[in-house]
Amino acid sequence: MSPQPTSSTPAPNEPATGGSVVLAWLFVGIPLAWGVSQTFIKALALFK
Amino acid sequence: MATTSLLDTSPASTSFLDRSRTIAGPGYNRWLVPPAALAIHLAIGQAYAFSVFNKPLGSLISGDPNAPAPTDWTPGQIGWTFSIAIVLLGLSAAVFGKWLERVGPRKAMMAASLCFGGGFLIGSLGVHLHSLALLYFGYGFVGGIGLGIGYISPVSTLIKWFPDRKGVATGMAIMGFGGGAMIGSPLAVALMNHFKDSAPQGVTPTFIVMGIIYLLFMQFGVWTIRVPADNWAPKGYVPSTEHNALITTGNVSADNAIKTPQFWLLWVVLLTNVTAGIGVLETASPLIQETFSDKFMGSGRGVTAAAAAGFVGLLSLFNLLGRFFWSSASDKLGRKVAYAIYFGLGILLYALIPTLGHNLQLTLYVVVACVIISMYGGGFATAPAYLSDLFGKYQVGAIHGRLLTAWSTAGVLGPLIVHNLHESAVQKGLTGAAAYQNVFYTMAGLLAVGLLADLLVRPVADRYYEKGPVTIEAGGH
């Protein structure tokens, strides 16, 4: 969903495309997924 | 471009860090804001993994974690590093909240990244020189300020971008704080293994590398974050016309908010929720090993140290998931009802835990503990949306910062209660589940206090609201 222009004057910013949103989520998602997987592997010891 | 300092808020300053340079232009996609916030929270969430350094820091002189030298730091001395950082988190969030509202999230995120990354670097010098004071000052004091500013920096911005899904948005960011430990812990272990031959326990170079990694990682948030233009609203967004007296359309300043009973009721809500949750987290490993030891389960069938570490990992996972799940659910349930569930269900589950321990029902015990911890995380993540509902968006970041002093208090109170009650039970000769039952019953009692505080929350009286329209720029004056 994109913002609607309003009464204030926004600074000239680059528009964000769908691709940049995907890249942004990958940037934070990959380390988070790695951390979760490491934790999950450790947690498996509880059920052995 | 004028050269400005981080704290320069003069109208003439035009650095890229300024709020005016972060106002989103047409076409900016608001779904870029949660990853920007996550970049900050995933980094600072490392603090919860600080215990991974305990043994290495305690054997810098001897070189053997199992045989510390007399001049090595004790676990108690090392533990103060984390405690100082958590106290500074609450204090700096309270002190810098209004500054954040004035200068905007980008400058605050930059300050947070410099403090958090810099804290590691100063701490590395403390480790290298074996100076405890320098470790406290670096990781604890400077890093703790980074934690506080970083924690609140994206919150009000997220609420402004997602007025239709406040719980989802803040839940996503605060989930990152829970996830940060999951990244920070294996990362630290891997780095210490890599550097173990070049420095005692590999700690000094690990601190340096982690400081630089986190400083750079947080820059993603600094550069990506944007604030919406004044009066911006999502396309097609129509504020709910359904009357809910606990969702205000007005605005209360941070200074006025702390004069209201609602603020202090929420302070008690957060204090009790966090104190009880820390009670479980703090003792998770010894708790499950002692409750389900060979003595009670039979030879070779007790919970081992490795399995207990798995239990701690599982709790971390549910702490993370709960932050997103419960906070998102609060968008539908309402904040007051959501907290009533955390507390109501929490009281039942805390009271049930000792019985499950006595009956040696391990699987059910683990499931119940996971649900409890998910609600502990949910309590953290729902707080900003509750504040926004009650006090408006005007200075919600600053109000949230002041609320976080409850976290600092709980960080001291929770472990104190647990250790004293457990110690007292052990002195009476109690073992296994019996040694912890008073801990859980006391925590259930604390949750009852929290439930009462939540139920007492009423709409804020008109006299506390700002008169006339407010602008963000005016927020700090």
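Of the 477 residues of chain B, 61% count as buried, where buried means under 20% relative accessible area, exposed over 50% and partly exposed in between, with a 1.4 Å probe and protein chains only. The model is predicted: local features need pLDDT of at least 70 and side-chain atom pairs count only at pLDDT 80 or more, whereas totals for chains, interfaces and linings use all residues. Residues are numbered from 1 along each chain as its sequence is written, chains are lettered from A and ligands numbered from 1 in the order in which they are written, and side-chain values use heavy atoms, with hydrogens and water left out.

Chain B has 17 helices and 0 strands; helices (H or I, at least four residues) and strands (E, at least two) are DSSP runs, numbered from the N terminus. Its radius of gyration is 23 Å, close to the 23 Å that the globule rule gives for 477 residues, so chain B is as compact as a globular protein of that length. The radius is taken over C-alpha atoms, and the rule is 2.2 Å times the number of residues to the power 0.38. Along the principal axes, the C-alpha trace of chain B spans about 70 × 50 × 35 Å. Among contacts in chain B with a separation of 6 or more, 83% come from residues 24 or more positions apart, a contact being heavy atoms within 4.5 Å.

Helix H4 of chain B covers residues 105-128. From the first C-alpha to the last, this helix of 24 residues reaches 34 Å, close to the 34 Å expected at 1.5 Å a residue; the expected span is 1.5 Å times one less than the number of residues. H4(B) is mostly covered, with 19 of its 24 residues buried. Just after H4(B), B:His130 takes a positive phi of about 55°.

Side chains of opposite charge can pair when their charged atoms come close. B:Asp18 counts as buried at 6% relative accessibility, and B:Lys107 counts as buried at 1%.

B:Asp255 forms a salt bridge with B:Lys98 (2.9 Å, N to O). B:Asp255 lies in helix H9 (residues 254-257) of chain B and B:Lys98 in helix H3 (residues 75-103), so the pair ties together parts that are 157 residues apart in sequence. B:Asp255 is partly exposed, with a relative accessible area of 34%, while B:Lys98 is buried at 19%. B:Asp255 also forms a salt bridge with B:Arg402, the closest N and O atoms being 3.2 Å apart. Because B:Arg402 lies in helix H15 (residues 396-403) of chain B, this pair ties together parts that are 147 residues apart in sequence. B:Arg402 is buried, with a relative accessible area of 15%. Elsewhere, salt bridges that share partners join B:Lys166, B:Asp331, B:Arg335 and B:Asp389 into one network.

B:Asp454, in helix H17 (residues 437-455) of chain B, is buried yet has no salt bridge. The nearest side chain of opposite charge, B:Lys336, is 6.4 Å away; Lys and Arg count as positive and Asp and Glu as negative, while His and the chain ends are not counted. The side chain of B:Asp454 does reach the backbone nitrogen of B:Ala340 at 3.3 Å. Leaving aside neighbours within four places in sequence, B:Asp454 is in contact with residues including B:Val269, B:Tyr339, B:Phe343 and B:Tyr386.

B:Asn319, in helix H12 (residues 305-333) of chain B, counts as buried at 6% relative accessibility. Not counting residues up to four places away in sequence, B:Asn319 touches B:Ile373, B:Tyr376 and B:Gly377. B:Leu421, in helix H16 (residues 405-427) of chain B, counts as partly exposed at 25% relative accessibility. Beyond residues up to four places away in sequence, B:Leu421 touches B:Asn438, B:Val439 and B:Thr442.

Definitions and conventions:
Salt bridge = Lys/Arg side-chain N within 4 Å of Asp/Glu carboxyl O. Polar contact = N/O pair within 3.5 Å; in protein donor to acceptor, adjacent residues only side chain to side chain.
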